[in-house]
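Please read it alongside the sequence and structure shown here.

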Amino acid sequence: MAIERTLSIIKPDGVEKNVIGKIIARFEEEGLTPVGIRMMHLAQHEAEGFYAVHKERPFFGELVEFMTRGPVVVMALEGEDAVAKNREIMGATNPAEAAENTLRKLYASSIGENTVHGSDSAENAAIEIKYFFSDVQLFSRG
C-alpha cells in the first residue's frame, strides 16, 4: 500500500456541532495523520472555486451558501491509501445510507449537511490540497 495524502474538510455543520476533536481523533485512530490543518471561513469566491466542478449542478448555489455560512476546518491527511481510507471513515454522502460508526452516520443530518468532505481520488486530492495549502504549510510524518 502506498502512502498518500488526501484533503478533508470538516464542514460548517461539524464545526457548529463541536465535533472537530472527535473527527480528528477518529482519523488518527484509523491511521491518518494530519500534516496540515487550517480553520477558516470560506469567502463565496473560495467556495465557488473549490466546488467549480459542480457549477452546472442544481445544488451548486445551496452548496456554496452552506459552505460559507460558518467556519470550516481543512486538513491534509497522510497515511496508507489515505484517499480510500478517508472515504471509508466518512461513509456514504447520504447519512441515512452510511454504514454504522462512519462520520456521516454519527454526525450528519442530511445529504446537504453531511459534516465532512473528502477527496475522491489521489489526483483530485493533490489539486484540493494545493487549493488550501502551500508546500511550506504541510509537514511530513517522518
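**Sheet**

Strand β2 pairs with strand β3 (residues 72-80) through seven bridges, and the two run antiparallel. Strands (E, at least two residues) and helices (H or I, at least four) are DSSP runs numbered from the N terminus, and two strands pair if DSSP finds at least two bridges between them. Residues are numbered from 1 along each chain as its sequence is written. The model is predicted, with local features needing pLDDT of at least 70, side-chain atom pairs pLDDT 80 or more, and totals for chains, interfaces and linings using all residues, while side-chain values use heavy atoms, without hydrogens and water.

- The open sheet has four strands in the order β2-β3-β1-β4, with antiparallel pairing.
- β2 (33-40) and β4 (116-118) are the edge strands; each has a single partner, so one side of each lacks a neighbour in the sheet.
- Arginine 38 is opposite valine 74 in β3.

**Annotated sites**

- An unreviewed UniProt entry places "binding site" at Lys11, Phe59, Arg87, Thr93, Arg104 and Asn114; such annotations may be inferred rather than shown by experiment.

- Phenylalanine 59 is in the loop between α3 (44-50) and α4 (60-67), and is partly exposed at 33% relative accessible area (buried is under 20%, exposed over 50%, partly exposed in between; 1.4 Å probe, protein chains only).
- Arginine 87 belongs to helix α5 (residues 82-90) and is partly exposed at 36%.
- Beyond neighbours within four places in sequence, arginine 87 contacts (heavy atoms within 4.5 Å) Gly118, Ser119 and Asp120.
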